[in-house]
Amino acid sequence: MTYYRALGELPSKRHILFSTADGRQTYEEFIGEEGFSSTGSLLYHTGIPASLVDSRPWDIGVLGTSVNRPLLPHHYRLHELFPEHGAGKDAVRDRRLVLGNADVRIAYVVCDTPSPLYSNAIGDEVVFIESGSATLESVFGAVQVRQGDNVVIPRVTIHRWVPNQDDGPLRLYCVEGSGHVTPPAKYRSKFGQYLEGSPLTERDFRGPEEILLAAPDEADRDTEVYVKHRSSDGVTGSVVTYDHHPFDVVGWDGQLYPYAFNYRDFAPVTGQIIQPPPTYQVLEGQGYVICNFVPRLLETHPLAVKVPYFHSNVDSDEVMFYFAGETAAREGSGIRDGSVSLHPAGYTHGPGAKVYVDSVKHTESKETAFMVDTFRPLELAADAAGSEDPKYPWTWAGRGPLTPQQTTQQAPQQAAAGAPA
Ligand SMILES: [Fe+2]
């Protein structure tokens, strides 16, 4: 994050002996990015943060991916991956990989059960809440999160997800980076403050409000933490055990901590003609950017096209996640709540022809989507293949694909005569 917070009991200076008001000795831990040379926080534990007593492998699940060849757009209906609506599942161990590359992995999970303690040592996570609500508990304290939140969790933060049982299953769209995630530089002053005109400002971000300590009967027990960590070919996992519960932080301060903001708090910029997608950027990662598309008043020019014009992503693969009803730009394509579309570089995409023309009449958009644009190509995960809509690539032309015979032998007039739908 870009600004300073402090919670709980702290010593007057850094790096000095410190006991709490009731006499407990504390042990200082620095969680800092880029060695000791960038954003960080100082945490004051009553236990020894390094007190390991065990470690064993964690089999994370199906991580295989394949190249998007032959080149095609793709559509996944993620709800189909969890037909039981997440009964008995948790937000950490039951994620299913959808798309990935060396910079970022996109996974999906539906759950209703508290997760184990978890730490992602590969990179920062941005978890978008499609539905439901939860408490994100961490060594920094608790953050209440709800539908429509973008939840940013820094690398190595020990945390767990506790779904709110009264709010239906918790549906999470998980963007796991290999590096750090930051607010876009274009919105901030050279000192980090959000600028006038930024669509988000500090008031929109919710961080931990109170220190969170383990219950007395859990505090001194051996406690497991599931850790996702680096391997030579990407991702692997271990379950490490400490001789106490890691929620023993009596105070912390700094600029590194988990936080959340809701897409409803994003103030869209509109104009006489449509604004390009970067107008909706909310975060930037290493090798990708994230945008929130939000309801807005539409453009005022009498002939303004009010859905995104056709575009070829010269330098990126584009992944849209649709989560709250209206999907005007791809109306008629089969896209619905819980859908993901992948529009890769090397292929032009946009709205259907009728949608493009009819959009001129509209005055307001309720369209919502969460977008990830990656600069390296995304590969297709085997674990999501069962949710793919095979008709999607042909929804603009209304027919296809060609038979092998047509592909190799057809003359132009034969192609015009029609191919199987
Ligand atoms: Fe696009």
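## The annotated N-terminal domain

In this predicted model, residues 117-262 are 3% helix and 46% strand, and the end C-alpha atoms of this span lie 24 Å apart. The span corresponds to a feature in the UniProt record, an unreviewed entry, which names it "domain: Homogentisate 1,2-dioxygenase N-terminal".

Strand E10 (residues 125-131) pairs with E13 in the antiparallel sense over four bridges. Within this pairing, phenylalanine 128 stands opposite asparagine 150 in E13. Strand E13 (residues 149-153) is also joined to E19 by four bridges, and these two strands run antiparallel. Here valine 152 stands opposite tyrosine 259 in E19.

Is E13 enclosed by the rest of the structure or open? Five of the five residues of E13 are buried, so the strand is largely enclosed by the rest of the structure. The directions of the side chains can be followed along the strand. In a regular strand the side chains alternate between the two faces of the sheet. In E13, Asp149, Val151 and Ile153 point one way, whereas Asn150 and Val152 point the other way, and all are buried. Strand E19 (residues 259-262) can be read in this manner too: Tyr259 and Phe261 point one way, Ala260 and Asn262 point the other way, and all are buried.

## Two open sheets

Strands of a sheet pair through backbone hydrogen bonds, either parallel or antiparallel. An open sheet of four strands has the order E1-E18-E3-E2, and its pairing is antiparallel. Strand E1 (5-8) and strand E2 (27-32) stand at the edges with a single partner strand each, so one side of each has no neighbour in the sheet. The twist from one strand to the next averages 15°.

Is leucine 7 buried or exposed? Its relative accessibility is 13%, and buried means under 20%, so leucine 7 counts as buried. Not counting residues up to four places away in sequence, leucine 7 touches Phe140, Pro208, Glu209, Glu210, Ile211, Val250, Gly251 and Trp252. Leucine 7 and valine 235 are 228 residues apart in sequence, and their C-alpha atoms are 33 Å apart in space.

Another open sheet is formed by six strands in the order E6-E25-E24-E28-E21-E20, with antiparallel pairing. Its edges are strand E6 (74-77) and strand E20 (281-285); each has a single partner strand, so one side of each is left without a neighbour in the sheet. Neighbouring strands of this sheet are turned by 15° against each other on average, direction ignored. Strand E6 pairs with strand E25 (residues 339-343) in the antiparallel sense over four bridges. The bridge partner of tyrosine 76 in E25 is valine 340.

## The annotated binding site

Which residues does UniProt list for "binding site"? The record, an unreviewed entry, lists His311, Asp317 and His349. These residues are spread over 39 residues of sequence but cluster in space, with a largest C-alpha distance of 11.8 Å. From this set, His311 and His349 belong to the lining of the largest pocket.

The table gives the relative accessible area of two of the listed residues.

| Residue | Relative accessible area |
|---|---|
| Aspartate 317 | 6%, buried |
| Histidine 349 | 3%, buried |

Aspartate 317 lies in strand E24 (residues 317-321). Leaving aside neighbours within four places in sequence, the contacts of aspartate 317 include Leu342, His343, Pro344 and Ala345, as well as Val372 and Asp373. A polar atom of the aspartate 317 side chain lies 2.9 Å from the backbone nitrogen of alanine 345.

Histidine 349 lies in strand E26 (residues 348-349). Leaving aside neighbours within four places in sequence, histidine 349 is in contact with Tyr309, Phe310, His311, Asn313, Glu318, His343 and Trp396. With which side chain does the side chain of histidine 349 make a polar contact? The partner is the side chain of histidine 311, at 2.8 Å.

Methods
Residues are numbered from 1 along each chain as its sequence is written. This is a predicted model: local features need pLDDT of at least 70, side-chain atom pairs count only at pLDDT 80 or more; totals for chains, interfaces and linings use all residues. Side-chain values use heavy atoms; hydrogens and water are left out. UniProt positions are given in the numbering used here, feature names are shortened, and annotations may be inferred rather than shown by experiment. On a 1 Å grid over the protein atoms alone, a cavity is a set of points where a 1.4 Å probe fits but cannot get out, and a pocket is an open set with protein on both sides within 12 Å along at least five of seven lines; lining residues have an atom within 4 Å of a point. Buried means under 20% relative accessible area, exposed over 50%, partly exposed in between (1.4 Å probe, protein chains only). Contact means heavy atoms within 4.5 Å. A polar contact is a pair of N or O atoms within 3.5 Å; within protein, one must be able to donate a hydrogen and the other to accept it, and residues adjacent in sequence count only if both atoms are side-chain atoms. Two strands pair if DSSP finds at least two bridges between them. Axes are lines fitted to C-alpha atoms, for helices over the stretch in contact, and angles run from 0 to 180 degrees between N-to-C directions.
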